[in-house]
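Notes follow in the order I checked them.

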Amino acid sequence: MDATYEQWIKQGYNRVQAKQWIEELTSIFPSVKQGERLTYITDGERGYFEFSPNAKSTQALGTIDDEQLNDAFLAIWLSPKTEYADLRRNLIGQTK
């Protein structure tokens, strides 16, 4: 969660708001270990998390109904301000 908070601050999000979002995400996120997967699925306004402890099992975890949090969460990887420019290009279908 520290890395998520740091990314939001680097992208210019308000510290107080970012801390509130971190609290919300912390209540949803499990501890993810190697081989497990946490997936976020969004319709552009809201979204939900799924946790897969293995390839054969998936469970719904929690939802994000706040469009601003939805956008901020996605911005970590999709914003033009992201630190992960190469990953962003791949995610949005651009080549180098």
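UniProt positions are given in the numbering used here, and such annotations may be inferred rather than shown by experiment. I am working with a predicted model.

I looked up the record first: UniProt, in an unreviewed entry, lists residues 17-93 as "domain: Chalcone isomerase". Over residues 17-93 I read 40% helix and 29% strand. The end C-alpha atoms of that stretch are 31 Å apart.

I then turned to the largest pocket, whose volume is about 300 Å³. Which elements give two or more residues to its lining? I found β1 (37-42), α3 (67-78) and α4 (85-91). Helix α3 gives the most, with four residues. The lining residues are F29, P30, V32, L38, Y40, F49, F73, L74, W77, L78, L87 and L91. I sorted the lining by class and got twelve nonpolar residues, with no polar and no charged ones.

Patch. Last, I checked the surface and noted a nonpolar patch formed by L78, Y84, L87, L91 and I92. Together these residues have about 410 Å² of accessible area. I placed L91 in helix α4. L78, L87 and L91 are in the patch and are also among the residues that line the largest pocket.

Terms used:
Residues numbered from 1 in each chain as written. Predicted model: local features only at pLDDT ≥ 70, side-chain atom pairs only at ≥ 80, totals over all residues. Heavy atoms only, no water. 1 Å grid on protein atoms, 1.4 Å probe; cavity = no way out; pocket = protein on both sides within 12 Å on 5 of 7 lines; lining within 4 Å. Points joined across faces, edges and corners; volume = space filled by probe spheres on them. Nonpolar A, V, L, I, M, F, W, Y, C, P; charged D, E, K, R; others polar. Patch = residues over 30% accessible without salt bridge, like charges linked within 9 Å, V, L, I, M, F, W, Y side chains within 5 Å. Areas by Shrake-Rupley, 256 points an atom, 1.4 Å probe, with all protein chains shown as cover. Salt bridge = Lys/Arg side-chain N within 4 Å of Asp/Glu carboxyl O.
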